[in-house]
Amino acid sequence: MSKPSVKAARSQPSAAGRKSAKAPSAALLAQGRAVDEALAQAYPDAHCWLQHEGPLQLLVATILSAQCTDARVNMVTPELFKKYSDARAFAAANPRELEKMIQSTGFYRNKAKSIQSASRDIVEKYGGQVPDNLDALTQLRGVGRKTANVVLGNAFGIPGMVVDTHVGRLSVRLGLTKHKDPVKVEHALMPLISREHWVAFGHRMIAHGRKYCKAPTPRCTGCPLETICPFPDKRFDQAARAK
Ligand code: SF4
């Protein structure tokens with residue numbers, strides 16, 4: 001029996017996304033360009049901080065990064081990838097041993113289940129190779145759109161718009177969307193940002209969210225996007241303002 005092609009469909013908006021897509025206004029397009037340019041100037045070197053070699057390692061590292069810092073994940077993965085070198089090894093892992101190795105990243109039982117479920121699907125449906133399209137990736141058990149877009153963009157070089165909590169929060173503050181639902185934010189951002197910038201844009205938004213535009217309260221003093229940011233509830237350091 002022939003294996004399903006892993007090249008079947010590239011990262012594209014879903015049918016639902018295409019149907020609901022309305023052409024953005026000129027003002028919104030201009031804001032998207034301005035934000036993209038300002039982020040590129042402020043964070044020219046932003047990139048994927050999760051250490052990995054190849055799509056499977058990135059998939060596993062991204063699953064581990066939920067509710068956890070990239071630095072913590074990077075402390076765990078060298079040993080993990082030494083012990084489990086491919087999808088078959090993860091699929092066949094003793095669940096308790098796997099849980100123990102990833103315990104420090106938090107939510108380790110669920111994460112171990114997701115890693116093993118996705119690995120089994122990869123072995124059974126794709127001959128052990130991580131598929132390189134959004135539909136197939138999001139059908140792997142335990143893999144959502146955010147993880148799928150991280151893998152597409154950073155392991156396959158296929159543009160994907162990653163929407164995590166930082167990107168969602170900043171998109172609203174910067175006036176790029178009013179939506180809170182990550183899938184709606186993703187579809188709102190895609191027409192505003194050049195496709196070839198999607199991956200870098202995600203990294204830069206995350207860098208900015210960590211450095212200035214934090215949750216729940218932004219630190220707007222010195223923010224390189226302040227002049228183009230319409231957020232009505234900016235917070236400035238009073239001492240810095242008084243100078
Ligand atoms: S000015 Fe404040 S709210 Fe606006 S992007 Fe900068 S840190 Fe975020």
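Predicted model: local features only at pLDDT ≥ 70, side-chain atom pairs only at ≥ 80, totals over all residues.

Biologist: Great! At what angle do helix 3 and helix 4 pack?
Modeller: Helix 3, residues 55-64, packs against helix 4, residues 70-83, at about 140°. Their axes are 10 Å apart.

Biologist: What do you call that arrangement of helix 3 and helix 4?
Modeller: Angles over 145 degrees count as roughly antiparallel, so helix 3 and helix 4 are oblique to each other. The crossing of helix 3 with helix 4 is right-handed.

Biologist: And which residues meet there, between helix 3 and helix 4?
Modeller: From helix 3 you have Gln57, Ala61 and Leu64, and they meet Val73, Val76, Thr77 and Phe81 of helix 4. Five residues of this contact are nonpolar, two are polar and none is charged.

Biologist: New topic: is helix 9 mostly covered or uncovered?
Modeller: Mostly covered: 10 of the 11 residues in helix 9, which spans 145-155, are buried. Among them are Lys146, Val150 and Leu152.

Biologist: What covers the buried residues of helix 9?
Modeller: The cover includes helix 3 again, along with helix 8, helix 11 and helix 12. Just after helix 9, glycine 157 has a positive phi of about 70°.

Biologist: Last one: which residues surround the ligand?
Modeller: Among them are Arg173, Tyr212, Glu226, Phe231 and Lys234, and also the cysteines Cys213, Cys220, Cys223 and Cys229.

Biologist: How does that shell around the ligand divide up?
Modeller: Nine of the shell residues are nonpolar, three are charged and none is polar.

Conventions
Residues numbered from 1 in each chain as written. Axes fitted to C-alpha atoms, helices over the stretch in contact; angles between N-to-C directions. Helix = DSSP H or I, 4+ residues; strand = E, 2+ residues; numbered from the N terminus. Parallel < 35°, antiparallel > 145°, perpendicular 65-115°, else oblique. Left-handed = near helix turned anticlockwise from the far one by under 90°. Contact = placed C-beta atoms within 7 Å. Nonpolar A, V, L, I, M, F, W, Y, C, P; charged D, E, K, R; others polar. Near = placed C-beta within 6 Å. Buried ≥ 20, exposed ≤ 12 C-beta atoms within 10 Å, placed from the backbone.
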